[in-house]
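Please look over the sequence and the model below.

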Amino acid sequence: MDECVLTVCVYLTSIELDQLACVAGSGFALIDLPNRSLNYISKPLPPPTAAHVRFNDGACDSKGRFFAGTVCSTKHDIPGQLYCFDPSTNSATLVDKGPFTVSHYPPTERHSAQSPKDCNGLGWSADEKTL
């Protein structure tokens, strides 16, 4: 595989046992383990956005949906966004147009206190009401 895989998630009910679901730079994909290949199942980023951002991290919920976020591009004023791939519809949708994550740490020379950041460490509360 030439492309960097960023998150692997074993969840899809219709995949073969020799495949893993993942999020890679351009979207949601399957890793074919025997062939060591990456096969995209959804590239949801619009072309103007895709040229400047990439997917970064993701996680599955208890319903088998794969949520994944993108990195922001402050240079192009594109916030980090959150997408969801639903295997029941075999499609990905934008669920949070962003900025999905912001820093609440003290400001630095490079970032203000509310600078958009990359999507990292997705998780849910025990009752699944809070992402």
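## Salt bridge

A search of the whole structure finds 1 salt bridge, a term that here requires a side-chain nitrogen of Lys or Arg within 4 Å of a carboxyl oxygen of Asp or Glu. The pair consists of Arg65 and Asp61, whose side chains meet at 2.5 Å, N to O. Arg65 counts as partly exposed at 25% relative accessibility, whereas Asp61 is buried, with a relative accessible area of 10%; buried means under 20% relative accessible area, exposed over 50%, and partly exposed in between, with a 1.4 Å probe and protein chains only.

This is a predicted model, in which local features need pLDDT of at least 70 and side-chain atom pairs count only at pLDDT 80 or more, while totals for chains, interfaces and linings use all residues. Residues are numbered from 1 along each chain as its sequence is written, and side-chain values use heavy atoms, with hydrogens and water left out.

## Cysteines

The count of disulfides, defined as pairs of cysteine sulfur atoms within 2.5 Å, comes to 0. For Cys84, the closest cysteine sulfur is that of Cys60, and because the two sulfurs are 9.2 Å apart, they are too far from each other for a bond. Cys84 is buried, with a relative accessible area of 6%, and Cys72 is buried as well, with a relative accessible area of 16%.

## The open sheet

In the order β5-β6-β7-β8, 4 strands form an open sheet with antiparallel pairing, where two strands pair if DSSP finds at least two bridges between them. Strands β5 (55-60) and β8 (91-96) stand at the edges, and each has a single partner strand, so one side of each is left without a neighbour in the sheet. From one strand to the next, the twist averages 25 degrees, an angle between N-to-C directions on a scale from 0 to 180 degrees, with axes fitted as lines to C-alpha atoms.

Strand β7 (residues 82-86) runs antiparallel to β8 and is joined to it by 5 bridges. Within this part of the sheet, Asp86 stands opposite Ser91 in β8.

## Overall make-up

The protein has 1 helix and 8 strands, taken as DSSP runs numbered from the N terminus (helices H or I, at least four residues; strands E, at least two). Read along the sequence, these elements follow the pattern β-β-β-β-α-β-β-β-β.

Of the 131 residues of the protein, 38% count as buried. The protein exposes about 7,800 Å², of which carbon and sulfur atoms supply 50%, with areas computed by the Shrake-Rupley method and a 1.4 Å probe.
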